[in-house]
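I opened this entry to record what I looked up, going from the whole chain down to a single residue.

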Amino acid sequence: MRKTLIIATLVVVVVSLRAQTIRDEIHGNLRCSASNYMAYPYPSQLKLTAAPGGKKPFYISHYGRHGSRYHNKAQTYDIPYHMLAKADTLGKLTALGRDVLHRLSLIRQDARDRWGELTELGVQQHRQIMKRMVERFPEVFADSVEVDARSTMVPRCILSMESAMLQLLKMNPKAVIHHNATQRDMYYLNQQDRRLFAQKMDSATQAAYNHFSQQYEHNNHLMQELFNDTVYSHTLDAGKLNYFLFKLASNIQSSPVSKHITLYDLFSDEEIYQNWKKENAWWYINFGGCTISGGLQPYTQRNLLRRIIEQADSCLQLERPGVQLRYGHDTVLLPLVCLLDVNGYGLATDNLESLDRHGWANYKIFPMAGNLQLVFYRESIDDRDVLVKVLLNECEARLPLRSIEECYYRWSDFREYYLKKLQAYEER
């Protein structure tokens, strides 16, 4: 009995430490609170674990999100601007409120007619990722390496792909690059599953999310900071204003105005953390293994996973299979990572409050330019004991498989495990 109690206590302590780590991480680096708008961080792991004796990298299979971008819709910039502009004409803004209105004007001007477009930072992110990929795996990228690059048909994804390809050619002019963006590839690069999508936010799930979010709706401080008339401010939708201001605050880091403008000063550290918690839960419900919405959303990317496995099986027969690069979106990368259960992100629970305690943090999975790299190792073409290592955002990651050594797994174990997982879903 005492032993059981001790174990239970240790579990609670470990879970609590994880939650504290995420809260502290966000407080220490407010950019983490941006969720999917977090600009790509420099990889925290600089030196990779050496492969087991004699094994060398020979093939890479990759899926990457486009780089930093502007918000997709003009209304993201227009709604908070017009709310404050109208209040200003009525003399209802504080000095800070008028200053924020000026900031919003500059942010809005910078983004005008560039909705959803890649920023210069987004270009640089993919150049740097490719540069590190070539430097880390020179054996794969040597001489006339064959590179197959595919992108969804969205301009920011195409430009992300081309930025990476230009960097590769700069480092290896002999590289043979095949690149394309066609409707033919969309079934796996950005699979749309209407049946599963319909389960994301049904009425019961929406009610559960609303109940969770309401406890973190604390907007009085923000309204007091911006408006000088409480009667007037009570006529406004405080939650709506908070939502859009925080959304703009989150994405400033990806645009040129970040050098002299911030909106994070409108929120306390705790308000920033709470805004993140709401977003984190939303992403988990819509794309993770949340059992409230059925726990099946990661399977929206089953075509991509099957494609990755099938192409790898084919490429492994070649003496120099080269590199396969795929460029797309956060709404693909996140469920793919969850489907693979990388680093435990396949978590299945109905307890939204427990996500950060379990270490499920969206910004760790799919920042701008987030990427998943499968790196394959063998001694020679005759070596049938092929190993694979997974890098999430260029850091070694773990899988729910028995590792051979540190972060290395047998490809035969990988393909058997995930093909069975896909088959089990398809037989449902």
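**Whole protein.** I am working from a predicted model. I looked up the secondary structure and found 15 helices and eight strands. Next I checked the radius of gyration, which is 23 Å. The globule rule gives 22 Å for 428 residues, so the protein is as compact as a globular protein of that length. Along the principal axes, the C-alpha atoms fill a box of roughly 75 × 65 × 40 Å.

I then turned to burial. Of the 428 residues, 54% are buried. The accessible surface is about 19100 Å², and carbon and sulfur atoms hold 51% of that. For contacts between residues at least 6 apart in sequence, I noted that 79% join residues at least 24 apart.

**Strands β2 and β3.** I looked at how β2 (residues 146-151) meets β3 (residues 176-180). The two strands run parallel and are joined by five bridges. Valine 147 has isoleucine 177 in β3 as its bridge partner.

**Valine 323.** Is valine 323 buried or exposed? I found valine 323 in strand β4 (residues 322-328). Its relative accessibility is 1%, so valine 323 counts as buried; the cut-off is under 20%. I listed its contacts, leaving aside neighbours within four places in sequence. They are Ile60, Val140, Phe141, Val145, Glu146, Val147 and Asp148.

Terms used
Residues are numbered from 1 along each chain as its sequence is written. This is a predicted model: local features need pLDDT of at least 70, side-chain atom pairs count only at pLDDT 80 or more; totals for chains, interfaces and linings use all residues. Side-chain values use heavy atoms; hydrogens and water are left out. Two strands pair if DSSP finds at least two bridges between them. Helices (H or I, at least four residues) and strands (E, at least two) are DSSP runs, numbered from the N terminus. The radius of gyration is taken over C-alpha atoms; the globule rule is 2.2 Å times the number of residues to the power 0.38. Buried means under 20% relative accessible area, exposed over 50%, partly exposed in between (1.4 Å probe, protein chains only). Contact means heavy atoms within 4.5 Å. Accessible areas come from the Shrake-Rupley method with a 1.4 Å probe; for residues, only the protein chains shown count as cover.
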